[in-house]
Amino acid sequence: MTVSPISPRPADGVPCPQLAQKYDPQRERELRAWIEATTGRRIGDSFMDGLKDGVILCELINKLQPGSVQKVNEPIQNWHKLENIGNFLRAITRYGVKPHDIFEANDLFENTNHTQVQSTLIALASQAKTKGNNVGLGVKYAEKQQRRFHPEKLREGRNIIGLQMGTNKFASQQGMTAYGTRRHLYDPKLGTDQPLDQATISLQMGTNKGASQAGMTAPGTKRQIFEPALGMEHCDTLTIGLQMGSNKGASQQGMTVYGLPRQVYDPKYCGGPELLGEDGLDGLYNSQ
């Protein structure tokens, strides 16, 4: 198993080799010429070292938008330089540069990411060109074109079907048949005749001619299916089989009023009411 070597982390103050490869010397010369022409100050031989104290950067944004940085510190100590860089970054944010295009203070002060510093200055030049300044580098951002329509126009547009949804012009119901009936499809090239009656149901769909309800029984009763050729006999569909139970000989004798108890007894184990007599019945009822 081959393990790829891990690149050592660059020491503080040393730019990353991968980021250094993306640095564009031609863009540096263009930025130098623009900043020196705008501020009237010479940067020096080293471009990034000349911007590290933040003084020229603050003067640059004050030229583009006067009053952006109220106080520019003299680069006596390091915190003065960092404060100047921080004031510059906040000022270009208010000027319109996007936050993702802005470098961090340590990228410039500790020389860790000069490529990002260069990208921020190019974004600042593009924003200045968009605002009408004479800048020879960067791109001009497109301006927002916001359109406002009258509410009546917006309501009218709801009634219009766009062409992307298709069109119903020249549409008609010519040749349409009634719902549920078939529509004959034919090809004149094949010599087939045009159907005269589109409401006729073909035999392939079945027919109800000669149909009747003869032999139909009442709903819920069974219907005997038999074949005369097999010698099967007709079945009486009006007689209820004993498997279904029977109600012959049924009566309401001995029924009590709804809600009253009914005594259930077996003659094998207790005598019937005729054996008890009237006195026995009275004693039985009084005991209950």
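Colleague: As I understand it, pLDDT is the predictor's confidence in each residue, from 0 to 100. Over which residues does pLDDT stay under 50?

Modeller: This is a predicted model, and its pLDDT stays under 50 over residues 1-12. For that stretch the model has two contacts beyond four places in sequence. Where pLDDT is low, the predicted coordinates should not be read in detail.

Colleague: And what is the mean pLDDT of the protein?

Modeller: The mean is 74, and 52% of the residues reach 70 or more.

Colleague: Which elements have the lowest and the highest mean pLDDT?

Modeller: The lowest belongs to helix α9, residues 273-287, with a mean of 52. The highest belongs to helix α4, residues 55-64, with a mean of 94.

Colleague: How many helices and strands does the protein have?

Modeller: There are nine helices and zero strands. Along the sequence, the pattern therefore reads α-α-α-α-α-α-α-α-α.

Colleague: What percentage of the residues count as buried?

Modeller: Of the 288 residues, 21% count as buried. The protein exposes about 23900 Å², of which carbon and sulfur atoms supply 52%.

Colleague: Let us turn to α4. How many of its residues are buried?

Modeller: Seven of its ten residues are buried, and the helix is mostly covered. The buried residues are Val55, Ile56, Leu57, Cys58, Leu60, Ile61 and Leu64.

Colleague: What covers them?

Modeller: The cover includes α2, α3, α5 (78-95), α6 (105-109) and α7.

Colleague: Take Leu57, then. Why does it count as buried?

Modeller: The cut-off for a buried residue is under 20% relative accessible area. Leu57 has a relative accessibility of 2%, so it counts as buried. Leaving aside neighbours within four places in sequence, Leu57 is in contact with Leu51, Phe88, Leu108 and Leu121.

Colleague: How far apart are the C-alpha atoms of Leu57 and Val69?

Modeller: They are separated by 10.0 Å, and the two residues are twelve apart along the chain.

Colleague: Where is Gln118, and what does it touch?

Modeller: Gln118 is in helix α7 and counts as buried, because its relative accessibility is 4%. Not counting residues up to four places away in sequence, Gln118 touches Tyr23, Asp24, Arg27, Glu28, Leu31 and Met48.

Colleague: What follows α7?

Modeller: Gly132 follows α7, and its phi is positive, near 105°.

Colleague: One last topic, the aromatic rings. How many aromatic pairs does a search of the whole structure find?

Modeller: The search finds zero aromatic pairs.

Colleague: What lies over the face of Tyr95?

Modeller: Lys131 does, at 5.1 Å from the ring centre.

Conventions:
Residues are numbered from 1 along each chain as its sequence is written. This is a predicted model: local features need pLDDT of at least 70, side-chain atom pairs count only at pLDDT 80 or more; totals for chains, interfaces and linings use all residues. Side-chain values use heavy atoms; hydrogens and water are left out. Helices (H or I, at least four residues) and strands (E, at least two) are DSSP runs, numbered from the N terminus. Buried means under 20% relative accessible area, exposed over 50%, partly exposed in between (1.4 Å probe, protein chains only). Accessible areas come from the Shrake-Rupley method with a 1.4 Å probe; for residues, only the protein chains shown count as cover. Contact means heavy atoms within 4.5 Å. Rings of Phe, Tyr and Trp (its six-membered ring) pair if their centres lie within 6.5 Å; planes under 30 degrees apart count as stacked, over 60 as edge-to-face and the rest as tilted. A charge sits over a ring if NZ of Lys or CZ of Arg is within 6 Å of the ring centre and within 35 degrees of the ring normal.
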